[in-house]
Amino acid sequence: MAVWATVFLEFWKRRRAVIAYDWDLIDWEEEEICVVIAAVFGIVIYRVVTVSTFAAFKWALIRNNSQVATTGTAVCINFCIIMLLNVLYEKVALLLTNLEQPRTESEWENSFTLKMFLFQFVNLNSSTFYIAFFLGRFTGHPGAYLRLINRWRLEECHPSGCLIDLCMQMGIIMVLKQTWNNFMELGYPLIQNWWTRRKVRQEHGPERKIRFPQWEKDYNLQPMNAYGLFDEYLEMILQFGFTTIFVAAFPLAPLLALLNNIIEIRLDAYKFVTQWRRPLASRAKDIGIWYGILEGIGILSVITNAFVIAITSDFIPRLVYAYKYGPCAGQGEAGQKCMVGYVNASLSVFRISDFENRSEPESDGSEFSGTPLKYCRYRDYRDPPHSLVPYGYTLQFWHVLAARLAFIIVFEHLVFCIKHLISYLIPDLPKDLRDRMRREKYLIQEMMYEAELERLQKERKERKKNGKAHHNEWP
């Protein structure tokens, strides 16, 4: 995905150069965050409280799937908060930009664009970052759980890992957001235009058949957005970030983006042709600050995917077990047989009598084994209760941690080197365009030379006619 993002940006530069040349814009220059934290914290509290409520629910279906139910409802609530905060952020960005008093219109647009993108990006991805990198990381361990307001246990990941929660979060948010955007882009102008036509019919009477000229019909359509194509750009940029930043956890994101864009092209065409007034054309050399934002997202995507692979997934722990602790340890190979015993090695032992009073199980397990259970297992790398340091971190934990940090460093450096190599190998201008520009420059110079030569020859003839010829004239 990092390679694709780099190739996409490099080929966009080439396409931009072709478009700028065709429209004669090569050398043209134009003259001239606390609410999010509170919202995310509220979602965290909701998840903590809800998972406990669902776990004690009477219906077995909800009780057995309490984490899935919690994640699904939390994502839907989070989406509603995202949509509400987007309206607020637009007003805040406008206020902050006007307080800056930019010198030119171009500077105003760049400042407003950057603020709106940062607000919306944080608003859209804050809960995703929480699930990817913080969920289940600071919950403590059995017998010493960390609690919110000394009452509710912090939420933990599913026993299979946090990737399932992250995948659900991204899938639901992406589908809901794309559906909502498409509905608003087409549904809102359709409703507004219907209401306008209804008012016009009421003014002229229902029985009279109205025939307006085309220009008046066009005038009754919806006016262009005050920010031009800003919303269209912002939607695509946020989708680009959502597609690349956590693609390791949600590989279907590119496919959903492709399907959405195929539909989006036709909806936008219909909207611009039939529902909006014709927009005023304006000259632009490129997409401005949006390209820098795309490059920043490409860099961020490398870092986040490195952390997702190393920290959120089980990729590194499985490799460490295969090469260090499994049946093939020291043999330099890692196949399916080398993973025998991995689940057992990833679980630690806990003595049931060490449970806190508020965390004691309702049953002693005798209905399953016939005798009360003394020990249980939980997912972590900790020493057993009878060791010198009960429930302290094992050596395997530090090996896994070191391998994760090493993977992040190696992965980032390797991918960044590949990105820079690709950027260097792909020229910004296509060869045929470069040749056309050189030929154009040559023809302009030749025309200037011929014009200057014609002027000098004309002056020479006039001087000869007046008897003032000079022998040292050129040519």
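Colleague: What is the relative accessible area of Cys-376?

Modeller: Cys-376 has a relative accessible area of 24%, which counts as partly exposed. Buried means under 20% relative accessible area, exposed over 50%, and partly exposed in between (1.4 Å probe, protein chains only). Cys-80, at 46%, is also partly exposed. This is a predicted model, where local features need pLDDT of at least 70, side-chain atom pairs count only at pLDDT 80 or more, and totals for chains, interfaces and linings use all residues. Residues are numbered from 1 along each chain as its sequence is written, and side-chain values use heavy atoms, with hydrogens and water left out.

Colleague: Which cysteines does a disulfide join?

Modeller: A disulfide is a pair of cysteine sulfur atoms within 2.5 Å. Here Cys-328 is joined to Cys-338, S to S 2.0 Å. Both lie in the loop between α11 (315-325) and α12 (342-345), so the link ties together parts 10 residues apart in sequence. Helices are DSSP runs (H or I, at least four residues), numbered from the N terminus. Cys-328 is buried at 4%, and Cys-338 is buried at 0%.

Colleague: How many salt bridges are there?

Modeller: A salt bridge is a side-chain nitrogen of Lys or Arg within 4 Å of a carboxyl oxygen of Asp or Glu. The count is 14. One of them pairs Glu-185 with Lys-271 at 3.6 Å, N to O. Glu-185 is in helix α6 (residues 163-204) and Lys-271 in helix α9 (residues 253-275), so the pair ties together parts 86 residues apart in sequence.

Colleague: Which residues are linked in a network of salt bridges?

Modeller: The network links Glu-185, Glu-232, Asp-268 and Lys-271. Lys-271 is buried at 1%.

Note on methods: Helices (H or I, at least four residues) and strands (E, at least two) are DSSP runs, numbered from the N terminus.
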